[in-house]
Amino acid sequence: MTETLTPPSPKDEVAFVRRRLTRSERIAKTLSGAPFTAKLGLLIIAFYLLAALFAPLLSPFGEAEIVGPPYAPWGGENLLGTDQIGRDIYSRLLYGARNTIGIALAATLLAFVIGVGLGLVAAIDRGWIDQILSRGIDVIMSIPSLIFALMLLTISGSSVWALIIIIAVLDSTRVFRLTRAVAVGVAVMDYVEAARLRGEGLGWTIRREVLPNIMPPLVAEFGLRFCFVFLTIAALSFLGVGIQPPNADWGTMVRETANLLQFARFDLTAGLTPMLPAACIALLTVAVNFVVDWFLNKTSGLRDDK
Amino acid sequence: MHPVLRTITQRLLLGLLTLFLVSVVIFIGIQFLPGDFAQAILGQAATEETVRALRAELGLDQTPLVRYFDWIGGLLQGDLGNSFTGRNAGGNDLSRPVVELIGPRLANTLFLASVTAAIAVPLALILGIAAALTRNSLFDRVVNTVTLITISFPEFFLAYILILLLGVIWPIFPTLADVSIGMEFGERLYRTTLPALTLTLVIIAHMMRMTRAAIINLMASPYIEMARLMGENPLRVIVRHALPNAWAPIAAVIAFNLAYLIVGVVVVEVVFVYPGIGQLMVDAVSARDIPVVQACALIFAATYVLFNLVADIVGIVTNPRLLHPR
Amino acid sequence: MTNNAPSDLLLNMRNVEVEGFSDRGWQPIVKGVDLTLRRGEVLGLIGESGAGKSTLGKAAMGYVQPGCRISGGEILFDGMDLAKLSDAEKRKIWGRRMTYVAQSAAASFNPAHRLIEQTVRSTVRESVMPGGEARDDARGLYKALSLPDPDNIGDRFPHQVSGGQLQRVMTAMAMSPRPDVIIFDEPTTALDVTTQVEVLSAIRKIVRETGTAAIYITHDLAVVAQMADKIKVMRYGNEVEEAPAREMLNAPKEAYTKTLWSVRSLRAPEKPSAETLLSVEGVDAGYGGGTKVLHDVTIKLPRGRTVAVVGESGSGKSTTARVITGLLPPSKGSVQFEGQALPARMDQRSRDQLRRIQMIYQMADTAMNPRQTVGEIIGRPLEFYHGLRGREQETRVIELLEDIELDDTFYDRFPSELSGGQKQRICIARALAADPEIVLCDEVTSALDQIVQEGILRLLMRLQEERNISYLFITHDIATVEAIADEIVVMHQGKVVEQGDKQSILTPPHPDYTQLLLSSVPDMDPDWLNRRLAES
């Protein structure tokens, strides 16, 4: 072995470098790669948001306005007929988007503020604060959340704020569990230890090292929790203890017009009337679930813009 | 003590502790009720005297600690107090004991839940395992999309679709599930068909997806690849190599979904006017009938805790590490 | 061994291609490789990670992992083409005429069944022997593989048996149906050196006694030298060269093979002795109030020199590093820096005390935040310790990148866009950015391929020379120690066995444990294992 060997330069080692993309390029690329169901889901969500935002402009009548005889059939002045006291179903569906989605979104956001905050504290602490929080939340979670919500609503009475706070607190337990689990996974990483060894403060470590790395599961969880909250509120309203009349809300609308179902043999549209708000609920949750499903598949594979 | 027994004992004690804490939570919740119970129940027209009498009966003149032990003590003897409804300002007490209200309804709910579980559990396990084993096939993708849609539907939507199709347009099944005591089994089953079917659809979707995920996770273990490399045929790989390790995750999936079933029961009972404990609870919530709400919540929570406990124990007794300690 | 009668030819793979499916479509893993194996022959398959050697080994059985496919060539085994057989037909061969030994026996045994049942399963299934006879035979194999208590060890469950023993049980399982070919897929990689020797000699003995043909896959040259009759070198899914073992070891032909061989010759220059910069004084430490991990550990680290801490897993070497950094306060003793005791806990130390001791980790993958660019990763300590911001910081980061033989094109990359060696260099640059006096290196080259290891070691030596840094170099690999150390500390079960100059430690006489450790490290010499077995 007399010949000298030049060691290979570290610059030439094989590594997979991605092309840098601008934000709009990245969004376009991501969307073009999405499966049909995810695109459909995004379209539906956009449609709902528009309906919720522009409800007063799009609806011919007011939210609680009595405009005709009770149970008017479809067609004519009332596109989808009227309800049991003569309010326009079509208008109420649009306003219902506002109320139902708005409240669900508010509750989910609040649940995340509580859940992520406490989850991060527990994950970083791993001491007695963690123990107390985790055990306490175990207890709360051993009461089914719909049942717990029913019980608390008995106490508080059904107001919008009570609803939002109760649902948010109960749902934050699940957010807490997930945040804690993924944050514990990240907190044991060497790069977090490296930051601590450097002498970084707790705030910086959480903000720069932990949070960016737990975002993908949290975003997916936000979609799932929104669906869950949305369905829980719909169920409570349907049971008559959620959003209260005269505010339009899909769950309440189903309950109010359920009697029409028995006339389906004579007029199918009558039978469909209570199904409309129920279908509105179902379609949105389906859409969100489609998007979340795609997002989960994507992030469990490769990160970033690939 | 053998580690299996020790672990099971630990879990049982933990379960008891959880139940105790749950009862405390439920009890404390009620203490935050604003205003004066007694006054609220009896109405403004009530005389000072009747209100005071009711306060004494409810123990409102005692400390919360004493009241808790009264409540829990009664509970352990099967006495859940009297319902709030049926009392009036005049002091006539027509209220019934909570136990009497709950008893027959609990039996009805258990009947509905058992019928559902008997259909849903085997079906969901079979579908879930089949989907996991034929991963990414057409069958798997179709089942996946369909179940994703089903879990997105509110329970009452599924219920009304079934009513519309099988109750109104083709009136095969009754849309009112008005079962009563003394009804013959066949008749009872017939009237329970639609609610049971609704619940089955709800549960199957969740359970199937979780079973699929659990099995896929299991089949990715190195020892499964090793079994294949040792020439085991696909059936033996599943039966001999995967199954013995699958009990714990499958039990967890079943427990989770049976617990979910309990929640689904509430809405479905209301839709079909099924005389079960879920409907009772909803009525009690509307009427702010605290003793009934408390009792129902405690029953639901206890069932929930129990299911999880059973799943834990299945996991423990099938774990070779605990069965055969070093 | 080199009998060329055609009937001897057991396995003949021709132009075999295997592809794997990823998000970029079907990617080749094995790109058209030929392989022949005769009866009783042992072929060593060697290469670095990503060489496709493990995939080729499994393909020799006609098996590919889910998500992969054999896309070309033929695999002739005893007249049958395994690439074309149905799974049902291949199952008659798997577990009967061809068997497999996996890298991680602990994960590859089914936790629910007793070892002996798993050992004889395919033997009984394929009616090679009836159950009772197969079990007796298995006990015989356990004995031949020098397992303790061979008559009863089979009645245990996998979790009741140690890793090195499990690996031998798995060899017994592969041997039980008396196959024609066994594929050994890195069977000793996960084991400590002293355990590795036992497993290696057991495997070789039984393979020779039974005359079974084998493909032995490994990345370790010294190991393959002991096991193989002929060696095939692979890289990036292609064959580099193949030759009889002795020939290959003495005179490799291809340039790539030569670079693999040359790694072993790296030596740090002699350095004069210097004053002690940091010392660990009589430290006891343990986790969570439980058992003590360190017992009265004393280590001295001189300025500008490298102290290598060697020991097997569980010897307490990484715990020692945690005590020095202040992550784990000792229950007794102290850490002295320039004669002053450092506060025991990290959060009591000043920013400057923290700056002077930096750490580099084994897994560069987890040591860098995947969401930060190289510029941010190296820039942060510059800002944190030296207050550099903006353009000043960027200039300094690029200087550091050049110091570690990379350049400014790396500034905007994310860790996922770097090779393993580049990642470790970035971690070195991050440590350098603090301008430290001591760098703790925890197994920093263990996860890297040999050529890359050498590059990293050379870099560390150069930086030491330029900046007079002291290294505490934790490793289990004696070859690395020989290359880089000035002084050596041998640790065993939480105690320091000995500390001294490299020369004095590596030359006899040794304490018993050092002797065992040193004698367990395989040489490139094919006769090494024979000699060692003869000695003991």
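**The interface of chain B and chain A**

Between chain B and chain A an area of about 3700 Å² is buried, and carbon and sulfur atoms give 84% of it; buried area here is the accessible area (1.4 Å probe) that two parts lose on being put together, summed over both. This is a predicted model, in which local features need pLDDT of at least 70 and side-chain atom pairs count only at pLDDT 80 or more, while totals for chains, interfaces and linings use all residues. Residues are numbered from 1 along each chain as its sequence is written, chains are lettered from A in the order in which they are written, and side-chain values use heavy atoms, with hydrogens and water left out.

In terms of contact (heavy atoms within 4.5 Å), 44 residues of chain B meet 41 residues of chain A. The rule finds 1 salt bridge across this interface, a salt bridge being a side-chain nitrogen of Lys or Arg within 4 Å of a carboxyl oxygen of Asp or Glu. B:R209 forms the salt bridge with A:D293, and the closest N and O atoms of the pair are 3.8 Å apart.

On chain B, the side that touches chain A draws at least two residues from each of α1 (3-31), α6 (138-152), α7 (155-169), α11 (247-271), α12 (277-286) and α13 (290-317), where helices are DSSP runs (H or I, at least four residues) numbered from the N terminus. The most is given by α7(B), with 8 residues.

As for confidence, the predictor gives the complex an ipTM of 0.82 and a pTM of 0.83.
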